[in-house]
Each structure stands twice: as C-alpha cells, then as structure tokens.
Amino acid sequence: MLPLLLLLPLALGGTPEVTVPRPRGVALSQLPFYDPSGPFRCLDGSGSVAFSWVNDDYCDCRDGSDEPGTPACPNGRFHCANAGHRPRSIPAAHVNDGVCDCCDGTDEWGSGAGCENTCRYWGYWFVLRKGRKEREERLRSAALAREGFALRQRLVQEAAEGKRQKQARLEALQDSRRQLQQRVASLRAAKDAAEGPEQAARGEHRRKWGEQRAAAAAAQDEAKAAETFTELDGDGDGRLTLAELRARPELDGAEIEAELGPEASLDSGTFRERLWGLVRERLQPKAPPTEEEEVEAAEEEEEEDEEEEEGPGEGEGEGEESPQEEPPFDPETQELIDAAQRARDDLAAAERELKEAEEGIRALELELGLDFGPEGEFSYLYNQCWELGTSEYLYRLCPFQRVTQRPKHGGAETSLGLWGSWAGPEGEKFTAQKYEGGTGCWQGPNRATTVRLRCGPSTALLAAAEPSRCEYLLELETPAACGEPPVMHEEHDEL
C-alpha cells in the first residue's frame with residue numbers, strides 16, 4: 001500500500017479545479033438568491049438588506065442567511081465546497097474558530113490556522129473504500145451465483161435421470177394396465193358365470209322357504225277358523241245358524257245374512273270356505289296404521305318385491321306371525337354362494353389394482369407434460385411446498401400446483417390461484433410464474449398470484465405482498481433460476 005500512497009499526489013496533482021465566483025460560504029444551489037445586482041432578501045422572507053451587508057460580520061437576518069461566510073449569526077450555515085471530495089455544511093459559528101472543519105480549509109479563511117487542503121486525499125480514500133465495498137459485494141454475489149449455478153447443473157442432471165425413471169415407470173404401468181384390463185375382463189366373465197348358478201340356487205331356496213311359510217300360515221289359519229266355529233256354535237250341534245252368528249254384534253249385518261240366507265246353516269267346512277274371511281275381518285277389526293307401521297309396511301313390501309313372489313295365503317293368520325327368519329342354505333347352495341363370492345372378491349381386487357395403475361399413469365403423464373424449464377431444472381420443485389409467515393398470514397406455495405393463504409389467528413384457507421403458466425418477459429420466460437383462478441374477492445375478480453424467481457443457493461419463499469386488490473406477488477429463491485455467471489477478472493487497488 002506504501003507505493004500507492006507515494007503515487008497518490010502524482011495521480012491527483014493534474015486534476016483541474018472548476019470554481020464559480022460566489023459569496024463565501026454559499027452553496028451552488030443557493031447562488032441565485034445571492035444576486036449582487038440588487039438588495040439581498042433574507043431566505044426566510046423576514047426582510048431585505050443591501051447586498052453590501054452580506055458577509056459584513058453583522059447578523060441582519062433572523063435566519064442568519066446574510067452571513068453564510070462569517071460567525072456573526074449563531075444560526076447561520078457555512079458551506080464547504082470541498083472540491084475533490086464531498087461538500088458539506090457546518091454551523092457558521094465554526095468559521096474562523098481555529099479548527100479545520102472543511103477539508104479544503106475554507107472555514108478558517110481569517111483565523112491563520114493554516115489548514116491544508118486534504119479533500120483530494122479524502123476523496124480518493126472515499127472512492128477507494130466505496131469501490132472496495134462494491135467489489136466485495138460483486139465478489140460475494142458472484143460466489144453465490146457460482147454456487148447456485150453449480151447446484152443448478154446438479155438439478156439438471158437429476159432432472160434428466162428422474163425423467164428417464166418416470167418414463168420407464170410410466171411404460172411399466174401402461175403394460176401393467178393392459179394386463180390388468182385383460183385380467184379384469186376374465187374375472188368379470190368368471191364372476192358372471194358363478195353368479196348364474198348362485199342366483200338360481202338362492203331362488204330355489206327362497207321358493208321352498210316361501211312354500212313352507214305359506215303352508216304354516218294356511219294351517220294356522222285353518223286352526224283359527226275351527227276354533228272360531230266352535231266358539232260361535234252355541235248349541236254345539238256342529239252347524240252355525242244366522243241366529244248364532246247374530247249373537248255376536250260384530251257379525252250382525254246384511255252382508256253376513258246374504259252369504260248365509262235366512263234359514264240356512266253351515267257346517268265347519270262350508271263356514272271356512274264361505275264366511276271365514278268375512279268373520280275374521282269383523283271379529284278383529286284393524287286400527288288405522290300409525291306412521292311407523294306405514295314405514296315398516298313399505299319397507300317389508302320393498303323387501304318382498306326384491307324376493308321371488310311367495311305362495312298364496314302367506315301371513316293370513318289372526319295376528320299371529322309366521323316364521324320370518326330365513327333358514328340356512330343347504331351345503332350345495334352354500335358352496336355355490338361361496339364360489340360366487342370368491343369370484344366377486346377376486347374381481348374387486350383386480351379392479352382396485354387397475355384403478356391404482358390408472359391413477360399412477362395419469363399422475364406421471366401430468367408431471368411429464370409440465371414445462372419444468374429448458375433443461376428440466378425446475379422439476380425438483382414439483383410435489384413440494386414452501387411457506388412464509390407474515391404478521392397476519394401464512395402463505396403456502398406448491399410450485400406448478402397452487403398458492404394458498406391462511407390467517408395466522410384462525411380462519412379458512414383461501415386459494416390465491418392454481419398453476420397457469422410461465423409469465424416472465426420476452427427472453428426471460430422462466431423468471432416468473434402465474435397462478436390464476438383463485439377464490440373470488442368480494443364483489444371483485446378471482447385472486448391471482450405472480451411468483452418471481454431469483455437466483456440463490458437455497459430454496460426458500462422470501463417475500464409476499466398484495467400490490468393491488470386480489471393480485472398477489474411472491475418471491476422464491478431457487479438455484480434453478482441461476483444462469484451461468486460471467487468470468488470475474490482479478491481487481492487491484494493500485495492506480
């Protein structure tokens with residue numbers, strides 16, 4: 001560094017200075033207010049004085065603006081031009097106080113302090129320090145860019161290998177689907193073949209059960225008819241007369257008389273054939289069905305409709321129920337049922353496998369059809385999500401799928417858009433993404449989000465904002481956005 005200091009005066013000695021005539025202590029920006037062709041007006045507008053009173057070492061203006069080059073006004077300001085360095089303003093009270101405040105020494109014009117003009121040296125060091133900081137920042141940025149680009153190259157290789165693996169898996173699933181389709185067709189035919197004998201056996205079983213129920217109901221009804229005949233036969237002669245029937249108020253009526261005749265009598269068999277239905281109805285009148293009974297009756301009717309029609313006379317007893325529990329199947333029928341169930345189970349398992357294969361094919365076709373960048377470098381973002389919390393919301397970005405927002409203090413998740421397309425400017429298409437069709441705003445459009453991608457060695461959601469109503473902006477750092485960095489040449493401090 002010593003040679004640099006020795007060369008500094010040589011480097012700076014030839015630099016020309018440009019000076020503009022003006023009152024001492026006046027900045028160039030205020031020069032128009034100091035026009036010697038007329039009176040000077042105080043800058044605060046409080047009054048005016050003759051221009052010859054400017055810098056006469058007497059404070060005439062309340063703001064001290066008439067004494068920019070003397071210490072006369074305690075609130076005045078002195079402007080250091082500091083050619084070659086940065087200009088500055090100091091209190092006018094520091095003028096001629098024996099201390100060199102301005103690097104050009106102009107503040108001590110009358111004190112004899114002998115201030116040396118060091119502005120060029122300080123200017124150089126300022127520029128050098130600023131340049132060093134800028135260079136360090138460039139080097140740091142270049143290092144991050146190189147690191148990000150190296151990661152991007154690795155992502156490109158992994159994307160290529162991942163694409164080959166997914167393509168192979170897709171082809172394997174497509175082959176499996178063809179085999180499963182054939183297997184499902186074969187198993188469906190086997191199921192249909194097994195269900196035919198099963199249904200026939202079930203039908204025969206139900207037919208026999210229906211006959212048994214009908215026979216039991218008929219026997220029960222016949223017994224009830226004989227019991228009722230005995231009860232009505234008052235004289236026990238084995239025949240019913242109209243008088244014996246009329247002894248029961250429920251059976252006194254024209255309908256009964258019409259069936260029997262005025263002088264006729266009936267034995268037990270004729271009673272059962274001609275009058276039992278009418279007598280049964282009269283002796284046990286049914287109360288109006290409740291809502292519950294109507295529902296139950298409807299359900300029973302549906303169940304009966306699903307089964308084969310049962311024998312006549314079923315359920316015709318006097319309130320006594322016939323057996324309702326279906327008896328077990330015989331071994332032959334049960335074997336047919338088990339075989340059909342195995343066929344159904346085998347078909348269901350094959351159909352599940354086929355469905356899984358088709359879902360896998362759809363997912364792979366969707367993924368392989370997405371545009372993951374010129375070299376597939378953005379593919380690693382797929383099927384992953386990143387979150388960012390702000391003071392109010394938690395933002396969640398799932399690249400190539402969706403963007404959501406959830407209030408931090410409770411509330412439903414809101415869609416900020418579904419994957420739309422790349423949205424970077426021309427020539428930089430892969431620097432931004434667009435997500436559209438999110439949840440609609442109140443009396444407004446559907447929410448949409450733009451995601452800007454920036455180069456970096458890590459993958460992180462850095463910022464989230466809503467620059468306009470229903471329009472959101474996210475910033476995602478990713479090495480996939482890193483281009484090849486330019487070659488950095490070695491820099492030196494020497495001139």
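Let's start at Arg 344. At 22% relative accessibility, Arg 344 counts as partly exposed. Keep in mind that this is a predicted model.

What does Arg 344 pair with? Arg 344 forms a salt bridge with Glu 198. The closest N and O atoms of the two are 3.1 Å apart. Arg 344 lies in helix α7 and Glu 198 in helix α2, so this pair ties together parts of the chain that are 146 residues apart in sequence. The contact belongs to something wider. Salt bridges with shared partners join Lys 191, Asp 192, Glu 195, Glu 198, Arg 202 and Arg 344 into one network.

Stay with Glu 198 for a moment. Is Glu 198 buried or exposed? Glu 198 is buried, because its relative accessible area is 4% and the cut-off for buried is under 20%. Glu 198 also meets Arg 202 in a salt bridge, at 3.3 Å from N to O. Arg 202 and Glu 198 both sit in helix α2. They are 4 residues apart, about one turn of the helix. Arg 202 is partly exposed, with a relative accessible area of 23%.

Some background here. Side chains of opposite charge can pair when their charged atoms come close.

How many salt bridges does a search of the whole structure find? The search finds 20. Here is another of them. The side chains of Glu 375 and Arg 152 meet at 3.1 Å, N to O. This pair links distant parts of the chain, 223 residues apart. Glu 375 is in the loop between α7 and β7, where β7 covers 386–389. Arg 152 is in helix α2, which covers residues 119–232. Now compare their surroundings. Arg 152 counts as buried, at 10% relative accessibility. Glu 375 is partly exposed, with a relative accessible area of 42%.

Back to helix α7, residues 331–369. Look at Ala 348, which is found in this helix. Ala 348 counts as partly exposed, at 28% relative accessibility.

Glu 332 is exposed, with a relative accessible area of 54%. What gathers on the surface with Glu 332? Asp 330, Glu 335 and Asp 338 do, and together with Glu 332 they form a patch of negative charge.

Now the strands. Begin with β11, residues 432–436, and β12, residues 448–455. These two pair in the antiparallel sense over 4 bridges. Ala 432 has Arg 452 in β12 as its bridge partner.

Move on to β14, residues 471–478. In which sense do β12 and β14 pair, parallel or antiparallel? They pair in the parallel sense, over 8 bridges. Ala 448 stands opposite Glu 471 in β14.

Strand β14 has another partner, β13, residues 460–468. Strands β13 and β14 pair in the antiparallel sense over 6 bridges. Ala 465 stands opposite Leu 473 in β14. The hairpin of β13 and β14 has 2 residues between the strands. In that hairpin, Cys 470 takes a positive phi near 70°.

Asp 57 is not a glycine, yet Asp 57 has a positive phi of about 65°. Where does Asp 57 lie? Asp 57 is in the loop between β2, at 48–49, and β3, at 77–80. Then there is Asn 96. Asn 96 is not a glycine either, and has a positive phi of about 55°. Asn 96 lies in the loop between β4, at 88–91, and α2. Asn 96 counts as partly exposed, at 24% relative accessibility.

To close, go back to where we began. Arg 344 in α7 and Glu 198 in α2 tie together parts 146 residues apart in sequence. Glu 375 and Arg 152 link parts 223 residues apart. And β14 pairs with β12 in the parallel sense, and with β13 in the antiparallel sense.

Key. Residues numbered from 1 in each chain as written. Predicted model: local features only at pLDDT ≥ 70, side-chain atom pairs only at ≥ 80, totals over all residues. Heavy atoms only, no water. Patch = residues over 30% accessible without salt bridge, like charges linked within 9 Å, V, L, I, M, F, W, Y side chains within 5 Å. Areas by Shrake-Rupley, 256 points an atom, 1.4 Å probe, with all protein chains shown as cover. Salt bridge = Lys/Arg side-chain N within 4 Å of Asp/Glu carboxyl O. Lys, Arg positive; Asp, Glu negative; His and termini not counted. Charge placed at Lys NZ, Arg CZ, Asp CG, Glu CD. Buried < 20%, exposed > 50% of the residue type's maximum accessible area, 1.4 Å probe, protein only. Pairing = 2+ DSSP bridges.
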